[in-house]
Amino acid sequence: MSHVLQEKDQRLHTNIAGITMNTPVLTASGTFGFGEEFADFVDLSRLGGVMVKGTTLKPRRGNDGVRITESPMGMMNCIGLENPGVEVFLKDTLPRIGQYGMNVIVNISGSTVEEYGVLAEMLDVEGVAAIELNVSCPNVKEGGIVFGTDPKAAAAVVREAKKHTKKPVILKLSPNVTDIVTMAKACEDAGADILSLINTLMGMEINIHTQRPTLGNITGGLSGPCIKPVALRMVWQVAQAVKVPIIGMGGISCWEDAVEFFLAGASAVAVGTANFADPAVTMKICDGLNDYLATRNLDSIQDIVGKVQIG
């Protein structure tokens with residue numbers, strides 16, 4: 001597969017915070033492995049980037065019991081950040097996936113502010129295009145409060161990461177908050193180069209026959225088409241309040257969904273749960289975006305960013 005920009009994707013070529021992207025279509029962390037798993041279905045170099053599986057300082061085995069369950073128009077998961085740890089990623093995985101010519105964006109999680117700084121510094125290496133901060137994790141030093149629900153805590157994570165890397169820093173916003181705009185502005189003020197949103201909504205399912213929760217962790221992250229209206233609303237709200245670029249995600253499963261996010265103010269989109277249903281969905285979204293722009297005689301995807309007509 002070609003690692004150069006395909007002629008038909010000229011309209012989709014973009015640059016976000018210094019990251020050159022052949023198309024503004026990325027894959028969301030936790031839904032696409034390390035990218036190589038999809039190489040038979042997708043031209044990985046055609047993607048704007050692959051947000052690889054969540055990475056932590058030490059290896060994690062993840063949660064026990066059932067980890068994934070389907071829900072109406074979506075799914076829930078409680079994987080528990082199972083991953084081999086950052087050292088294995090740097091030594092084995094990163095050199096291996098470098099052959100695909102894709103932007104590798106590493107999603108990182110920590111239990112303390114300091115862990116984010118350590119991870120950011122370790123990943124400040126050739127072959128990593130950016131880091132994405134997953135703040136939907138509890139801060140063990142602060143009694144278990146989730147970083148992503150406290151503007152001060154999220155901002156502290158951003159500042160710590162920025163101190164330890166020259167790579168663009170993406171902050172992934174959690175929707176499980178009262179005011180998404182306050183969170184977004186706090187992270188922008190702390191130095192985030194890009195905001196990505198939304199992460200999964202918290203959900204639960206109960207098996208009425210066993211009368212027990214389906215998921216081993218009791219609750220899990222809800223994703224898929226059912227959350228798209230919430231995600232779209234939050235992207236639109238945040239786009240009105242910040243100047244940094246936004247990567248929109250949450251329930252995108254076709255090119256029409258992606259167009260909605262661009263109109264709402266996203267400069268790029270990330271596809272998650274839809275990859276499980278159709279491994280080639282990102283390529284179909286790229287093709288659909290090309291056709292949409294061509295039929296309107298538009299030269300660039302930027303021509304529709306934030307162009308939703310209100311009033």
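The legends below describe close-up views of a predicted model, in which local features need pLDDT of at least 70 and side-chain atom pairs count only at pLDDT 80 or more, while totals for chains, interfaces and linings use all residues. Residues are numbered from 1 along each chain as its sequence is written, and side-chain values use heavy atoms, with hydrogens and water left out.

**View 1. Eight strands close into a barrel with parallel pairing.**
The order of the strands around the barrel is β3-β4-β7-β8-β9-β10-β15-β16, where helices (H or I, at least four residues) and strands (E, at least two) are DSSP runs numbered from the N terminus, and two strands pair if DSSP finds at least two bridges between them. Neighbouring strands of this sheet are turned against each other by 25° on average, direction ignored; the axes are lines fitted to C-alpha atoms, for helices over the stretch in contact, and angles run from 0 to 180 degrees between N-to-C directions.

**View 2. An open sheet of four strands has antiparallel pairing.**
The strands follow the order β5-β6-β14-β11, with β5 (68-71) and β11 (201-204) as the edge strands, each of which pairs on one side only. From one strand to the next, the twist averages 40°. Strand β14 (residues 219-223) is joined to β11 by four bridges in an antiparallel arrangement, and Leu 201 has Leu 222 as its bridge partner in β14. Three bridges join β6 to β14, again antiparallel, and here the partner of Asn 77 in β14 is Gly 221. Four of the five residues of β14 are buried, so this strand is largely enclosed by the rest of the structure; buried means under 20% relative accessible area, exposed over 50%, and partly exposed in between (1.4 Å probe, protein chains only).

**View 3. Asp 9 and Arg 46 form a salt bridge between distant parts of the chain.**
The closest N and O atoms of the pair are 2.7 Å apart, a salt bridge being a side-chain nitrogen of Lys or Arg within 4 Å of a carboxyl oxygen of Asp or Glu. Asp 9 lies in the segment before β1 (14-16), whereas Arg 46 lies in the loop between β3 (25-27) and β4 (49-55), 37 residues apart. Both partners are enclosed: Asp 9 is buried at a relative accessible area of 0%, and Arg 46 counts as buried at 5%.

**View 4. Arg 96 and Glu 36 meet in a salt bridge at 2.7 Å, N to O.**
This pair also links distant parts of the chain, with Arg 96 in helix α1 and Glu 36 in the loop between β3 and β4, 60 residues apart. Arg 96 counts as partly exposed, at 38% relative accessibility.

**View 5. Lys 162 and Asp 193 meet in a salt bridge at 2.9 Å, N to O.**
Lys 162 lies in helix α3 (residues 151-163) and Asp 193 in the loop between α4 (180-189) and β10 (194-197), so the pair ties together parts that are 31 residues apart in sequence. Lys 162 is partly exposed, with a relative accessible area of 30%, and Asp 193 is partly exposed as well, with 23%. The structure as a whole holds 10 salt bridges.

**View 6. Asn 83 is buried in the loop between β6 (74-77) and α1 (86-97).**
The relative accessible area of Asn 83 is 5%, and the side chain of Asn 83 reaches the backbone nitrogen of Gly 85 at 2.8 Å.

**View 7. Met 204, Ile 206 and Ile 218 form a nonpolar patch on the surface.**
Together these residues have about 290 Å² of accessible area, computed by the Shrake-Rupley method with a 1.4 Å probe, where for residues only the protein chains shown count as cover. Patches are made of residues with over 30% relative accessible area and no salt bridge, like charges being joined within 9 Å and nonpolar side chains (Val, Leu, Ile, Met, Phe, Trp, Tyr) within 5 Å.

Methods:
Polar contact = N/O pair within 3.5 Å; in protein donor to acceptor, adjacent residues only side chain to side chain.
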